[in-house]
Amino acid sequence: MLRDILSGKSSIDPSQLAGAAGLPSDPASISALMNQLQGALRGGGDGSINWDAALSQGQERAAQGQLDVTSTERAALDQAFHIASLWLDEVISVAELTTPPRLMTRKEWVTATMPLWTQLAEPVATSISDSLTRVLTDQAPEELKGMMAGAGQVMRSIGGTLFAMQLGQVVGQLSNEVVSGGDVGIPLLSDQQAALLPQNVAAFGEGLDVPADQVQIYLAVREIAHARLFRHSRWLRLHLISSITDFARGIHIDSGRLEQLAEGFDPANPEELRAAMVDGSLIPPKTEAQLAALGRLETMLALIEGWVDVVTLEATSRLPRADAIAETVKRRRASGGPAESAFATLVGLELRPRRLREAAALWQAVTDAVGNEKRDELWGHPDLLPSSADLDDPQALMARLTSAAAGAEPVLDEVDQALEDLLRDDETDRPHEA
């Protein structure tokens, strides 16, 4: 059937299959889809995922309606970055960036961030391909079992290629929505790189009744604060990405649901399959372990975003319309965009932390209690950071921090106390030197 479809001999309309997969159904996109699938079929089906398909789809989607950076925009945003750095120096004690900030087109943003998107999505893509192969093998008549054993790897390649193309479409759409490298909260750019997308910055400011230079400075402050935090806390990027990938590895596809779709699939009416891919029903409810991992991840994301909110508020106090811009950022974050929703469905992970309000309030309370420098010292190690319990009840954290700032001996928890007692006993038992 696949060979017939890809050779044009089938009565099944390729545009219907593209629509079922959540891909564009225009002639150019259909041609690209067929080329990618034919390549997967010709490649012998080694089971690997062709992530080049994600990059090409994302770049193509981003290039639609893209505007190049003008010299006027470059001069204005370079000035905004300069002012942002100076203002942040006054309110944070984290290291400065050694890499100059970048101005990116949408296509450049897709190219720069795709390696991390594919890393985050790979566990789910593998699960989809494995589930598809297992369902097809289980459903094959006994006389075709031998044939399906060889066709399984081909199906894995084709399933992975379809997923990669979907991911590319999502990332390409995201390039129309994000204003900066750190806009979605996770460190998409390597080497603590700060970046703004001038075309999207201009779109963000439309209808705000706020001077463009104030919008540019405000967004530059947020972006540099985000990038400087990750440069200061060298452990943070790896810790966060590892947490996301660990969570993603626990995601699997509901083979039973996929089997139901396969049994009742009507190529002339692929809407049921499309709906299942859009509403996330192929991904079963999260396990207890996944929910716990997700809670830890959301706490970390909220702490990052909350810290950025607090330092941006202080650094932009000179901007007359900073409050209006901040309110727009909050509304935009709360609603998200269509591409973020698509990514959440595709990978099973929301990019926006739910506890951001509590985290921002906590960081503000820490700032008021012990000052900016002591606040930023908490990013020195993951064990120093506030916990989910601290977000629930910040008073105990405030007491510890103010006590430590006053020079009092820290109160040891059970583990630290046991270690202290063990070391003291060891010191007592050791014979004294003459």
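The structure is a predicted model, in which local features need pLDDT of at least 70 and side-chain atom pairs count only at pLDDT 80 or more, while totals for chains, interfaces and linings use all residues. Residues are numbered from 1 along each chain as its sequence is written, and side-chain values use heavy atoms, with hydrogens and water left out.

The chain contains 19 helices and two strands; these are DSSP runs numbered from the N terminus, with helices (H or I) of at least four residues and strands (E) of at least two. Of the 434 residues in the chain, 46% are buried. Buried here means under 20% relative accessible area, exposed means over 50%, and partly exposed lies in between, with a 1.4 Å probe and protein chains only. A contact is a case of heavy atoms within 4.5 Å. Among contacts in the chain with a separation of 6 or more, 84% are between residues 24 or more positions apart.

The core comes next. A nonpolar core is a set of buried Ala, Val, Leu, Ile, Met, Phe, Trp, Tyr and Cys residues joined through side-chain atoms within 4.5 Å. The largest one has 97 residues, and the members that touch the most others are Trp109, Trp117, Trp307 and Trp379. Helix H13 (residues 288-315) is its main contributor, giving twelve residues, the most to this core. Because domain 1 (47-257 + 270-295 + 321-351) and domain 2 (365-423) both give residues to the core, it lies between them. The domain bounds come from an automatic or database domain assignment. In soluble globular proteins, nonpolar side chains tend to be buried together. For Trp307, the contacts beyond four places in sequence are Ile92, Val94, Ala225, Leu229, Trp363, Arg375, Asp376 and Trp379.

Buried in H14 are Ala322, Ile325, Ala326, Thr328, Val329 and Arg333. These residues are on the same side of H14 because they cover an arc of only 160° around the axis, the arc being that of the directions from the helix axis to the C-beta atoms. An α-helix has 3.6 residues a turn, so residues three or four places apart point the same way. Asp323, Ala334 and Ser335 are exposed on the other side of H14. The packing partners of the buried residues of H14 are helix H8 (198-205), helix H9 (212-232), H13 and helix H16 (356-377). Just after H14 comes Gly336, with a positive phi of about 65°.

Helix H5 (residues 71-89) has 19 residues and spans 27 Å between its first and last C-alpha, close to the 27 Å expected at 1.5 Å a residue. Leu77, Ala80, Phe81, Ile83, Ala84, Trp87 and Leu88 are its buried residues. They pack against strand S1 (102-103), S2, H8, H9 and H13.

Thr113 belongs to helix H6 (residues 106-139) and counts as buried because its relative accessibility is 0%. A polar atom of the Thr113 side chain lies 2.8 Å from the backbone oxygen of Trp109. Beyond four places in sequence, Thr113 touches Val171, Leu188 and Leu189.

Leu189 sits in the loop between helix H7 (145-174) and strand S2 (195-196) and is buried, with a relative accessible area of 9%. Its C-alpha is 6.6 Å from that of Ala112, although the two are 77 residues apart along the chain. Ser180 lies in the loop between H7 and S2 and is buried at 7% relative accessibility. Its partners beyond four places in sequence are Trp109, Ala195, Leu196, Leu197 and Glu223.

The loop between H8 and H9 holds Asp209, which is exposed with a relative accessible area of 68%. Asp209 has a positive phi of about 60° although it is not a glycine. Pro211 is also found in the loop between H8 and H9, and with a relative accessible area of 39% Pro211 is partly exposed.

Note on methods
A polar contact is a pair of N or O atoms within 3.5 Å; within protein, one must be able to donate a hydrogen and the other to accept it, and residues adjacent in sequence count only if both atoms are side-chain atoms. The expected span of a helix is 1.5 Å times one less than its number of residues.
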